[in-house]
Amino acid sequence: MANQRSKYEHLMYPIDWIEERSGLVGGIKYFLFRKVPSDINWFQTLGSATLTAFLVQATTGVMLAMYYKPDAKSAYPSIVHITNDLFAGWLVRGMHRWGASVFIILMFMHMGRVFLFGAYKYPRELTWIIGVILVALGLAEGFTGYLLPWDQTAYWATTVGISINGTAPFLGPFIAQFLQGGEFINNDTLSRFYAIHMLLLPAMIAGLIALHLYLVIRLGVTSPPWSKDAAGSGPLDDESEEKHG
Ligand code: HEM
C-alpha cells in the first residue's frame, strides 16, 4: 500500500510542479468541474459539439496547410496530390470539407437551442452577441475556403459571392474590391483568401470562443425553460445559488 502511494506521488510530481509555479492545474479544474443545474439536458451539449467541430477543422486545416500551395498554377494540382498520393490525405481533406458544413450546422442548432431556451436573456446578452459575431465569422470561413481548390466550381461560386457582396449598400463595392484584389479573380485573390481563411479568421474565432466560454463559466448554464429554475435565473441570483449549492 505504501509502495503504491509512493508510485502515485511519483506520477503526480510533474503536475504538482506545474501547479506550484503557475496555478494552471487549479484553473483547469475550475474550468472542467463546475456545478450545473441538476435538470440540464442533452441539447445543452450542442455548444461543446460546436467547439469539437471547430477543433477538428483547426487540426485538419493545419495538416492540409502543410501540403496546399496557394498560387494559381499549383493550387489545384496540390489538392489532387493531397487527395490521391498522401497517406490518408483523402480522409483529412474530406473531414475538413464536410466538417465545415458540420461546424455551421451545429452552430445554428446551438443558436436555436439558446433561443428556444431563452438563454440569451439577462445576464447572457453578451454571450449571445459574441455568438452572432461567431456565426458571421464561421460563414466567412466557409466562403474563403470554397475558393481554395481553385477548380471551376470554386472560381464561379466565388465570382457570384463577391458580386453579391458588391451589391450591399455603402461598403459593398469596397468589400468586393478588397476581396477580389483586382478587376477579376486572380492569383492575388487566391493568396488573399488563403491568408484570411487560415490566419485571420481562425485567430478571431479562437479568441471569441475563449471569451464566449469565459462568459459561460462566469454566468453558469441556464436550466431548461420547463424547469422550476426559469431561464434567466442563473447561479448569479442568490435564491438559485442556494438551490444549486
Ligand atoms: C464557434 C461557435 C460556438 C461555440 C464553440 C460555442 C460554445 C458554447 C458552449 C460550450 C456553451 C456552454 C454549453 C451549451 O450551452 O451548449 C455555450 C453557451 C452559450 N452560447 Fe455558444 N458557442 C458558439 C456559438 C454560439 C452562437 C452562434 C450563439 C448565439 C448567437 C451562442 C450563444 C450562446 C449562449 C447565449 C450561451 C449560454 C447558454 C446558457 O447559459 O444556457 N453561441 N456556447
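The six donor atoms around the iron atom of the ligand subtend angles of 86 to 179 degrees, so the arrangement comes out as octahedral (for six donors: opposite ones over 155 degrees apart and all others between 65 and 115). On the protein side, the donors are His 110 and His 212, each through NE2, at 2.0 to 2.1 Å from the iron; a donor here is an N, O or S atom within 2.8 Å of the metal (3.2 Å for Na, K and Ca), and with water not among the atoms, sites may look incomplete. His 110 sits in helix α5 (residues 89-116) and His 212 in helix α9 (residues 187-219), so the pair ties together parts 102 residues apart in sequence. Helices are DSSP runs of H or I with at least four residues, numbered from the N terminus. Both histidines, His 110 and His 212, are buried, i.e. under 20% relative accessible area, with exposed meaning over 50% and partly exposed in between (1.4 Å probe, protein chains only).

A word on the model: it is predicted, with local features needing pLDDT of at least 70 and side-chain atom pairs pLDDT 80 or more, while totals for chains, interfaces and linings use all residues. Residues are numbered from 1 along each chain as its sequence is written, and side-chain values use heavy atoms, leaving out hydrogens and water.

Most residues other than glycine have a negative phi, and most peptide bonds are trans. Even so, the bond from Tyr 122 to Pro 123 is cis, with omega near 5 degrees, and Pro 123 is in the loop between α5 and α6. Trp 150, in the loop between α6 and α7 (152-166), has phi near 55 degrees; its relative accessibility is 17%, so Trp 150 counts as buried. Phe 170 has phi near 60 degrees and lies in the loop between α7 and α8 (172-180), but at 77% relative accessibility Phe 170 counts as exposed.

Conventions:
Tetrahedral: all angles 85-135°; square planar, octahedral: opposite > 155°, others 65-115°. Helix = DSSP H or I, 4+ residues; strand = E, 2+ residues; numbered from the N terminus.
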